[in-house]
Amino acid sequence: MEELKRLQEEHGGKLPNYTFPGAYPIIYWIKDEWQGLLPLCGDCMSRYMAGEYGDEWAYVAMECGADYEHDLPCHACGVQLSAYYEDEEHGGEVAKI
Ligand SMILES: [Zn+2]
């Protein structure tokens, strides 16, 4: 959690959605008390950390540029988190932060 707070400060108070360089989606894994392991984007992880979704969850890990061969939507907002899927959909277009 400390590493997330530092990352958040380095990016002007918001967690990054993509790696730089590379522009791979960053997946923030949390463990929800009721639903188990859930993937989140940077925006939603920032909201979770701000307490908008309550506090019955725990930060598990951060993953960068994972090649999932299936789609992997953010649990909270539905944005695509799989690099592989992103490339297929948008022809490898570089995402803007
Ligand atoms: Zn999200």
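**What the labels rest on**

Student: This is a predicted model. What makes helix α1 "hardly covered"?

Tutor: Start with the cut-off: a residue is buried if 20 or more other C-beta atoms lie within 10 Å of its own. Helix α1 spans residues 2-10, and among its nine residues the count of buried ones is zero.

Student: What makes a set of residues a nonpolar core?

Tutor: They have to be buried, be of the listed nonpolar kinds, and be joined through C-beta atoms within 7 Å. The largest one here has 15 residues, and Tyr 28, Leu 40, Cys 41, Cys 44, Met 45, Tyr 48 and Cys 74 have the most contacts inside it. β1 (26-32) and α2 (42-49) each supply at least two of the core's residues, and β1 gives the most, with four.

Student: Which residues does Cys 74 touch?

Tutor: Leaving aside residues up to four places away in sequence, Cys 74 touches Pro 39, Leu 40, Cys 41, Cys 44, Val 79 and Leu 81.

Student: How do you know that β1 and β3 pair?

Tutor: Pairing takes at least two bridges. β1 and β3 have seven, in the antiparallel sense, so they count as paired. One example is Ile 30, whose bridge partner in β3 is Tyr 59.

Student: What about β1 and β2?

Tutor: Five bridges join them, antiparallel again, with Tyr 28 opposite Leu 40 in β2. The two strands form a hairpin with three residues between them.

Key:
Residues numbered from 1 in each chain as written. Predicted model: local features only at pLDDT ≥ 70, side-chain atom pairs only at ≥ 80, totals over all residues. Buried ≥ 20, exposed ≤ 12 C-beta atoms within 10 Å, placed from the backbone. Contact = placed C-beta atoms within 7 Å.
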